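Below are some comments on the model you sent.

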Amino acid sequence: MELCSCDTFVALPPATVDNRIIFGKNSDRLYDEVQEVVYFPAAAHDNQRERLKCTYIEIDQVPETYAVILSRPAWLWGAEMGANEHGVCIGNEAVWGKEEVSKEEALLGMDLVRLGLERADTAEKALKVIVDLLEKYGQGGNCAEGTFLFSYHNSFLIADRKEAWILETAGKYWAAEKVQEGVRNISNQLSITTKIDLEHPDMRNYAKQRGWWDGKKGFDFAATYSYLDTNKMLISGGRYCEGYKLLNKHKGNITFETMMEILRDKPSGINMEGEFQTTASMVSILPQDSTLPCVHFFTGTPDPERSIFKPFIFVPNISQLLDTSSPTFELEDPAKKKSDFKVKPDRRHPLYQQHQQILEIIDNNKEKAQTVLDNMKKMEKELFQDVESILQNKHLDVNKTENLFSQSTKDEIRIYRSNIDS
């Protein structure tokens, strides 16, 4: 199988405008996998008694978890991407290399994304949470629902209001690079070379024992741990290079709308089509001015070019996001796992269902397609103006904001229904 994964981006001043850090990610998954957008409030836990069930394994709980907004494949516990109440954003990518992928069920990279968000209030602390869990529990397990087998190691892009970190792993070994300005992206290849700011204490020694590094020449993490097969490296590196070009093309003038344009780009392959496709997208504005709120946009639907980015801001009293939450299913045999479903259950949430119907209209009715797309763009533009007004005027109506994402989703569904019924 051709190696498929996602793309995650970050842009920091001076590459951006208005002294903001901009985070963006496309989640590229199997074409028929539903991704939901869900909110979990902050919570206190009795960590002396309570255990936490992740996708496959149970781990120790912590006394306190932060509020999070997640975009995740609806069948699992973790998340492809998300943010927390402290302005930390994380996205992960599948990576492969010389180190064999474990067949044992452990923590998925997507579990580690959620755990980092729930347990850390800065990007660097989230990195530490992830590597500590990686050391204690390992990574592994099927990353797809049903009989399709898809396992990998993980890389992560972690950002907050001040900086970003790239964390790349090979089994339990890892390297991390700090990013304080400019642009950076990750895709489905190792990308940390000689700039290593933090690392697993045995990473170099292990590479030397395996004969991947002679211990004399300068250490390059990507060169040491990546595939020996040049063809596989070329396959995995295409979108990484295209993403880097798109970021640099706009360097100095990158806004959240610029990031969305990059995620919508099809010629580069960033907006993926085919057996693996872009099933959901996220863009975040992280102002370095701590008096301003962070704003997180999610589509909750496939193909960002034909989806609406809807804003979410952390405030008190946020209710569950019902229109982007999928139904849950349980197996009759408790000893089995969700991945044992022979036929995938229908996990489509209300927004996803309406979006599927509208895509059929767009694909089959050219006259109606333009009207629908224009209405979608008009709604999205109005949302962007509302967000800019909040950030520029430094005024946040908490009562209005607590339903911002939910109301936007309902408005989006109304647009689809009016065109489906007409």
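Helices and strands are here DSSP runs, H or I over at least four residues for helices and E over at least two for strands, numbered from the N terminus. The model is a predicted one.

1. The largest pocket has a volume of about 430 Å³. Its lining comprises 26 residues, and those closest to the centre are Tyr31, Asp32, Glu33, Tyr352 and Gln356. By class, the lining has eleven charged, nine nonpolar and six polar residues.

2. Strand 16 (276-287) and helix 7 (350-364) each contribute at least two residues to that lining. Helix 7 gives the most, with four residues.

3. Helix 7 also packs against helix 8 (residues 366-393): the two axes come within 6 Å and cross at roughly 130 degrees. The pair is therefore oblique. On the helix 7 side the contact involves Ile358, Ile361, Ile362 and Asn364, which meet Lys366, Lys368, Ala369, Val372 and Leu373 of helix 8. Six of the contact residues are nonpolar, one is polar and two are charged.

4. Please check the loop between strand 1 (7-12) and strand 2 (20-30), where Pro14 lies. The peptide bond from Pro13 to Pro14 is cis, with omega near 10 degrees. Asp18, in the loop between strand 1 and strand 2, has a positive phi of about 60 degrees without being a glycine.

5. A positive phi, near 60 degrees, is also found at Asp303, in the loop between strand 17 (295-298) and strand 18 (310-312). Asp303 is buried, at 8% relative accessible area, whereas Asp18 is exposed, at 51%. Most residues other than glycine have a negative phi, and most peptide bonds are trans.

Note on methods: Residues numbered from 1 in each chain as written. Predicted model: local features only at pLDDT ≥ 70, side-chain atom pairs only at ≥ 80, totals over all residues. Heavy atoms only, no water. 1 Å grid on protein atoms, 1.4 Å probe; cavity = no way out; pocket = protein on both sides within 12 Å on 5 of 7 lines; lining within 4 Å. Points joined across faces, edges and corners; volume = space filled by probe spheres on them. Nonpolar A, V, L, I, M, F, W, Y, C, P; charged D, E, K, R; others polar. Axes fitted to C-alpha atoms, helices over the stretch in contact; angles between N-to-C directions. Parallel < 35°, antiparallel > 145°, perpendicular 65-115°, else oblique. Contact = heavy atoms within 4.5 Å. Buried < 20%, exposed > 50% of the residue type's maximum accessible area, 1.4 Å probe, protein only.
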